[in-house]
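Please open the model in a viewer and keep the selection panel at hand.

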Amino acid sequence: MATKGKFEPKTPVVLNPPKDDPITPEFLAKCNGIDSILCYVAIKGKVFDVTGNKSYEKGGSYHVFAGHDASRALGLTSTKAEDVRPDWEDLDEKEKQTLADWETFFSKRYNVVGVVVPQTGST
(Lines give C-alpha, C1' and ligand atoms only; values in the text may rest on other atoms or scores of the structure.)
Protein backbone atom coordinates (compact mmCIF):
# COMPACT_ATOMS: atom_id res chain seq x y z
CA MET A 1 0.00 0.00 0.00
CA ALA A 2 1.50 3.32 -1.08
CA THR A 3 2.19 5.85 1.63
CA LYS A 4 0.73 9.29 0.99
CA GLY A 5 3.58 11.72 0.49
CA LYS A 6 6.15 8.95 0.02
CA PHE A 7 8.19 11.09 -2.36
CA GLU A 8 7.50 14.48 -0.78
CA PRO A 9 10.60 16.65 -0.38
CA LYS A 10 11.74 17.40 3.18
CA THR A 11 11.47 21.12 2.44
CA PRO A 12 8.39 22.18 0.45
CA VAL A 13 9.20 23.16 -3.14
CA VAL A 14 7.16 25.68 -5.14
CA LEU A 15 7.20 24.61 -8.77
CA ASN A 16 6.21 26.44 -11.92
CA PRO A 17 3.52 24.92 -14.14
CA PRO A 18 5.14 22.25 -16.35
CA LYS A 19 6.22 23.44 -19.78
CA ASP A 20 6.06 21.45 -22.99
CA ASP A 21 8.65 23.46 -24.90
CA PRO A 22 10.45 21.31 -27.49
CA ILE A 23 14.02 20.45 -26.51
CA THR A 24 16.25 18.63 -28.97
CA PRO A 25 18.67 15.93 -27.78
CA GLU A 26 21.50 18.20 -28.97
CA PHE A 27 20.32 21.10 -26.78
CA LEU A 28 19.70 18.75 -23.85
CA ALA A 29 23.28 17.45 -24.18
CA LYS A 30 24.62 21.01 -23.77
CA CYS A 31 22.62 21.44 -20.54
CA ASN A 32 25.09 19.37 -18.55
CA GLY A 33 26.29 22.02 -16.11
CA ILE A 34 29.64 22.22 -17.90
CA ASP A 35 28.92 23.49 -21.43
CA SER A 36 26.11 25.65 -20.02
CA ILE A 37 25.07 26.96 -16.63
CA LEU A 38 21.87 24.99 -17.19
CA CYS A 39 21.68 21.43 -15.93
CA TYR A 40 18.82 19.29 -17.22
CA VAL A 41 17.88 15.61 -16.79
CA ALA A 42 15.13 13.99 -18.85
CA ILE A 43 12.95 11.08 -17.78
CA LYS A 44 10.73 9.41 -20.39
CA GLY A 45 11.17 12.49 -22.57
CA LYS A 46 10.15 14.97 -19.86
CA VAL A 47 12.96 17.47 -19.16
CA PHE A 48 13.60 18.52 -15.55
CA ASP A 49 15.73 21.52 -14.55
CA VAL A 50 18.14 20.28 -11.88
CA THR A 51 20.35 23.39 -12.11
CA GLY A 52 21.82 24.21 -8.72
CA ASN A 53 21.70 20.68 -7.35
CA LYS A 54 25.36 19.81 -6.74
CA SER A 55 24.67 16.07 -7.21
CA TYR A 56 24.17 16.71 -10.95
CA GLU A 57 27.10 19.11 -11.38
CA LYS A 58 30.60 18.06 -12.46
CA GLY A 59 32.02 15.75 -9.81
CA GLY A 60 28.57 15.04 -8.36
CA SER A 61 27.36 11.49 -7.85
CA TYR A 62 24.61 11.90 -10.49
CA HIS A 63 26.49 14.06 -13.01
CA VAL A 64 26.39 11.14 -15.45
CA PHE A 65 22.64 11.91 -15.91
CA ALA A 66 23.14 15.63 -16.66
CA GLY A 67 22.33 16.56 -20.25
CA HIS A 68 20.69 13.20 -20.98
CA ASP A 69 17.45 11.29 -20.90
CA ALA A 70 18.44 8.93 -18.10
CA SER A 71 15.29 6.79 -18.15
CA ARG A 72 16.98 3.42 -18.56
CA ALA A 73 19.65 4.07 -15.93
CA LEU A 74 17.07 5.27 -13.41
CA GLY A 75 14.88 2.23 -14.01
CA LEU A 76 17.92 -0.01 -13.54
CA THR A 77 19.12 2.01 -10.53
CA SER A 78 22.42 2.42 -12.37
CA THR A 79 24.95 5.23 -12.63
CA LYS A 80 26.89 3.50 -15.43
CA ALA A 81 27.31 5.79 -18.44
CA GLU A 82 26.32 2.99 -20.83
CA ASP A 83 22.91 2.73 -19.13
CA VAL A 84 22.17 6.46 -19.46
CA ARG A 85 19.85 6.42 -22.46
CA PRO A 86 16.20 7.08 -23.22
CA ASP A 87 14.99 3.57 -24.08
CA TRP A 88 13.08 2.05 -21.19
CA GLU A 89 10.13 0.20 -22.76
CA ASP A 90 11.85 -3.21 -22.50
CA LEU A 91 12.51 -2.92 -18.75
CA ASP A 92 10.75 -5.48 -16.57
CA GLU A 93 7.76 -4.47 -14.44
CA LYS A 94 9.81 -3.88 -11.29
CA GLU A 95 12.27 -1.68 -13.20
CA LYS A 96 9.39 0.24 -14.81
CA GLN A 97 7.97 0.87 -11.33
CA THR A 98 11.38 2.08 -10.16
CA LEU A 99 11.47 4.45 -13.14
CA ALA A 100 7.94 5.68 -12.35
CA ASP A 101 9.03 6.30 -8.76
CA TRP A 102 12.00 8.37 -9.98
CA GLU A 103 9.70 10.35 -12.27
CA THR A 104 7.43 11.08 -9.30
CA PHE A 105 10.46 12.01 -7.16
CA PHE A 106 11.73 14.47 -9.80
CA SER A 107 8.27 15.92 -10.47
CA LYS A 108 7.95 16.93 -6.82
CA ARG A 109 11.34 18.67 -6.74
CA TYR A 110 12.24 20.09 -10.15
CA ASN A 111 10.54 22.25 -12.75
CA VAL A 112 9.59 20.60 -16.02
CA VAL A 113 11.06 22.85 -18.72
CA GLY A 114 10.10 20.90 -21.83
CA VAL A 115 9.97 17.64 -23.70
CA VAL A 116 12.62 15.97 -25.81
CA VAL A 117 11.79 16.06 -29.52
CA PRO A 118 13.72 14.57 -32.43
CA GLN A 119 16.23 16.85 -34.10
CA THR A 120 14.87 18.00 -37.45
CA GLY A 121 17.10 18.44 -40.48
CA SER A 122 19.81 21.04 -40.04
CA THR A 123 20.56 23.75 -42.55
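Buried means under 20% relative accessible area, exposed over 50%, and partly exposed in between (1.4 Å probe, protein chains only). This is a predicted model, in which local features need pLDDT of at least 70 and side-chain atom pairs count only at pLDDT 80 or more, while totals for chains, interfaces and linings use all residues. Residues are numbered from 1 along each chain as its sequence is written, and side-chain values use heavy atoms, leaving out hydrogens and water.

Select N32 to begin. N32 lies in the loop between α1 (25–30) and β2 (40–43); helices (H or I, at least four residues) and strands (E, at least two) are DSSP runs numbered from the N terminus. N32 counts as buried because its relative accessibility is 12%. Beyond its neighbours within four places in sequence, N32 is in contact (heavy atoms within 4.5 Å) with L38, C39, Y56, H63, A66 and G67.

Rings of Phe, Tyr and Trp (its six-membered ring) pair if their centres lie within 6.5 Å; planes under 30 degrees apart count as stacked, over 60 as edge-to-face and the rest as tilted. The structure holds ten aromatic pairs.
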